Amino acid sequence: MIDIDIQGQDINLASLEQEAMQLATQLSGQIQPHGVLFVLEEPELKILQTSSNTYSIFGISPPEMLQKTLEEILDPYQVERIKAGLTDENFDYINPTKVWARTKGDNYLVFDALFHRNKDGFLILELEPTFSQESIPFLSFYHLARASINQLEKTANLRDFCQIIVQEVRKVTGFDRVMLYKFDDDGHGAVIAEEKLETMESYLGLHYPESDIPKPARTFFTSNWIRLIPDTKAQPVGLFPAENPISEQRLDLTLSLLRSAADCHMEYLHNMGVGASLTISLMKDQKLWGLIACHHQTPKHVSYELRKACEFLGRVVFSEISAKEETEDYDYRMKLNYVQSALIEYMSQEENFVDGLLKHQPNLLDLANATGAAVCFGNYFTTIGETPKEEDLNFLVQWLKNNVQEEVFYTDSLPRIYPDAEKYKNVASGLLAIPISKKNYVLWFRPEVIKTVNWGGNPNQAYELNRAEGNLRLCPRKSFELWKETVRLTSLPWKQVEVKTALELRKAIINIVLRQADELAQLAQDLERSNAELKKFAYVASHDLQEPLNQVANYVQLLEMRYCDQLDEDAKEFISFTVEGVSLMQTLIDDVLAYSKVDIQGSEFKLTDVEKSLDKALSNLRRRIGESQAVITHDPMPTVMADSTQMMQLFQNLIGNAIKFRSEETPVIHLGATRLEDAWLFSVKDNGIGIEPQFSERIFVIFQRLHARDEYPGTGMGLAICKKIVECHRGRIWVESELGKGATFYFTIPVGGRERQHPRLKRGGFVPPVSGS
C-alpha cells in the first residue's frame with residue numbers, strides 16, 4: 001500500500017484505486033454508446049432499466065421503453081426462441097444470438113444479442129449492432145489455429161511462442177499494435193511480445209508498474225476474458241432509471257461487455273495515443289497470467305464473433321504455452337524430486353537428520369538451487385555454502401518466529417522487508433524458509449543480483465493527483481518514455497516448483513523428527529528401566545559383599561592374634577597383605593555404592609549456595625590440608641540449582657586429588673567461578689604433577705588409574721563420580737594440563753538447572769576464559 005503526502009494530507013493510493021474502480025462499475029451505471037443494454041424482469045422479459053441512448057437507435061425514449069416487453073422491441077418469433085434458450089442456466093448456447101429490430105426511421109438493423117445474469121441475479125441483455133457482415137467460417141478458423149500451433153511446435157523459446165500469438169491476433173483483427181503482457185509475482189508486468197506498424201514506437205521489453213493495471217481492475221479481466229473499447233473518446237451513457245426499481249440499488253455491471261471503462265483508464269489510453277482497444281485475458285490455474293492488448297490509433301469496432309475467435313485462438317495457443325512451460329519445468333521438477341528422495345533416504349539413515357541434509361551428495365543446496373543453507377535445530381546452527389554469520393542467523397530466525405506464520409516463506413528481496421539483512425546482501429538477498437517447529441528452521445539463501453529494468457515511464461510517477469470540484473482524483477501519467485532503473489537488494493526469484501519441493505521436504509523432516517522422538521522416548525524408557533535394575537544390582541551387590549569381607553578381615557586378624565607365636569615372618573606378611581586387600585576391596589565397594597547413588601534428577605535440584613558446599617568439603621579435608629600445608633583460595637561462589645551434597649562431594653574429590661597428586665612444592669589450589677550466558681563455569685587449578693594430554697579423557701573412566709597404588713593410593717573412582725555428578729546436573733567436565741605443569745579441572749552447571757548448553761560447549765568443546773595449558 002502506497003501513501004503519499006500532498007500539502008500536509010496523507011493520500012492512500014490503493015484506496016483511491018479501489019474507489020475509481022467502484023465508480024466505473026457499481027456506482028456509475030454507464031455503458032459505451034455503441035450498444036444498448038436492457039435489464040429484464042423474468043419471465044415476461046419486461047424492461048426494468050434501459051440505457052439512455054434508446055431514442056437515437058430505436059426512436060423510443062427511455063421512459064417509453066420501461067412500458068414495453070422484449071417482444072415489442074424484437075420479432076415475437078425471435079423472443080420465443082430466446083425464452084427457450086433462457087431455461088438453461090448456461091447461456092453459451094444462445095450467446096450470441098442474431099436478432100433484428102426496427103430502428104429509428106423504420107429501418108431494420110441486425111444486432112448481436114448477449115445475455116448474462118449479474119451478481120445480483122438480474123437478467124441483462126446487451127445488444128451490439130452488427131455493422132459488417134464479416135464472419136469467420138469454422139474451417140477457416142480451424143486452419144488458422146492449426147497453422148499457429150504448427151509454428152509453436154517448431155519453437156522451443158517461450159518468447160517466440162508469444163510472438164506467434166501476437167502475429168496471428170494482429171493478422172485476424174487488423175489492429176495497429178498487438179502486445180502480450182505478462183504479470184510478475186510482485187504485481188508489475190512486462191511486454192514480452194509485440195507486433196505493430198513499423199512507424200509506431202516499440203514497447204517490447206518494457207516493464208509497467210502494478211498501478212497501470214491495479215488489482216481491482218484485474219478482477220474484471222478474470223470475469224470477462226475479452227474486453228472491447230471501440231472508441232476511447234466516445235461519451236458513455238447512463239441507465240434509466242439510475243437505480244433498479246426492484247433492488248433500489250445501482251446496477252452491478254461487472255460482467256457487462258458494454259460497461260464503460262473508468263475515467264482514469266480512458267485518460268491512460270488517450271495519453272498513449274490509443275483510439276480503440278481490445279484486451280484478451282490469458283488465464284492459468286484460474287489466475288490471470290497475462291493479457292493480449294490490442295491498440296488502434298483510431299476508433300475501430302470488432303464484431304463479437306471475431307472477438308470470440310480471437311479469445312479462442314488465445315486460449316488454444318496459450319494452452320500450448322502452458323504445456324510448454326510445464327514441459328520445461330518437468331526436467332527440473334524431476335531433478336528436485338530425485339534430490340528430495342535422496343535427502344529423505346539420507347535423513348532416515350543418519351542418527352541426526354541434519355547430517356542427512358548436509359553431509360552427502362546431493363545435499364540441501366541442490367534442493368532449491370541455493371548458494372547457501374542453514375539448519376537451525378536445538379538452538380544450534382549447521383550451515384553449508386555461503387551464509388550469514390551465526391549471530392545474524394540467530395536474529396533472522398527470531399524475526400521469522402515473530403513475523404511469519406505460514407508453512408513456507410520466500411522472498412527475492414529480504415533486505416526490503418527485513419532491513420538488517422542489507423549487511424549480508426551478498427549472500428542472502430533471497431530467502432526461502434520452512435519452519436520445522438516454533439524454534440527450528442531450514443533456510444536457503446541466494447546472493448544479490450544487480451540488474452537493469454527498462455520501464456515504460458518512471459514507475460515512481462505512475463499517477464498524477466488533481467483536484468476537481470473539491471475532490472482528489474487520480475490521473476494517469478502522460479510520459480511513457482524509456483526509464484531505466486538499476487535494481488539492487490534482489491536475488492534470482494524462487495520458482496514455484498522449488499517452493500513446493502521445500503514444503504514437501506518439511507513434511508518429511510517433521511515425520512522423521514517425530515519418528516526419532518518416539519524411538520528416543522522408547523530408548524529412554526528402556527535405559528531408565530535398565531539403569532534402575534543396574535543401580536539396584538550395584539546397591540545389593542555392594543551391600544551383600546560387605547558382610548563376607550568383614551568376616552574375612554575379622555577371621556584373618558583373629559587368626560594372627562591367636563597363633564601369633566606360631567607364625568613366621570612370611571606368614572605375618574601374608575596376613576598383612578590379606579588385611580590390606582580386604583580394606584581396599586571395602587573402599588572399592590564403598591565407591592561403587594557412591595557411584596550408583598549419583599542419579600538425582602533436575603526436578604529434585606534446589607537453590608544451593610555453592611559457598612556452603614565448598615566450606616563443607618574443605619572441612620572434611622582439613623586433616624589432609626593440614627598435613628600437606630596446602631594453600632587454597634577461591635572466588636566468590638554463586639547460588640545455583642543443584643544438589644548440595646553432590647556439589648560438596650564434587651569439590652571434595654577435585655580438591656582431594658589436587659592435594660594427592662602434588663609435586664615437591666607446597667600445594668597451591670585456586671577455585672574459580674565465571675558466569676557464562678546460560679551456565680556457571682567452575683575451575684579447580686593446582687600446581688601438582690600434571691597429566692599428559694593424551695590421558696585427559698581416560699582419567700574420567702571408572703576404575704582407570706595412571707599411577708600404581710603404592711605410589712598414589714586410591715581406587716580410580718573419584719573422577720568417574722565427579723563426571724557422573726556433573727552430567728546429572730546437565731553440565732560437562734574436562735581437564736587441561738601438561739605433565740609437570742599442574743592441572744586445571746573445569747565443569748559447568750547450567751543456570752536454573754536447564755538442559756541448555758553454551759554454544760562454546762558444542763561440537764568441538766569449550767575454550768575457557770582462563771586456560772590451564
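Start by selecting strands S16 to S20: they form an open five-stranded sheet in the order S17-S16-S20-S19-S18, with antiparallel pairing. Strands and helices here are DSSP runs numbered from the N terminus (E, at least two residues, for strands; H or I, at least four, for helices), and two strands pair if DSSP finds at least two bridges between them. Before you go on, note that this is a predicted model, in which local features need pLDDT of at least 70, side-chain atom pairs count only at pLDDT 80 or more, and totals for chains, interfaces and linings use all residues. Residues are numbered from 1 along each chain as its sequence is written, and side-chain values use heavy atoms, leaving out hydrogens and water.

**The sheet and its helix**

Zoom in on S18 and S19 (residues 430-435), an antiparallel pair joined by three bridges; Tyr-410 has Leu-432 in S19 as its bridge partner.

Contact means heavy atoms within 4.5 Å.

**Helix H4**

Move to residues 76-86, helix H4, and show its buried residues: Gln-78, Val-79, Ile-82, Gly-85 and Leu-86. Buried means under 20% relative accessible area, exposed over 50%, and partly exposed in between (1.4 Å probe, protein chains only). Down the axis of H4, the buried residues fall within an arc of 115°, so they line one face; the arc is that of the directions from the helix axis to the C-beta atoms. Tyr-77 and Ala-84 are exposed on the other side of H4.

Which strands do the buried residues of H4 pack against? Select S6 (97-103), S7 (107-117) and S8 (123-129) to see them. Then pick Gln-78, which counts as buried because its relative accessibility is 0%. Beyond its neighbours within four places in sequence, Gln-78 contacts Lys-98, Val-99 and Trp-100.

**Two crossing helices**

Finish with H19 (residues 644-660) and H20 (residues 718-728), whose axes come within 9 Å and cross at roughly 145°. Among the residues that meet here are Leu-650 and Leu-654 in H19, and Ile-721 and Ile-725 in H20. The residues of this contact divide into seven nonpolar, five polar and no charged. Ala, Val, Leu, Ile, Met, Phe, Trp, Tyr, Cys and Pro count as nonpolar, Asp, Glu, Lys and Arg as charged, and the others, Gly among them, as polar.

Terms used: Axes fitted to C-alpha atoms, helices over the stretch in contact; angles between N-to-C directions.
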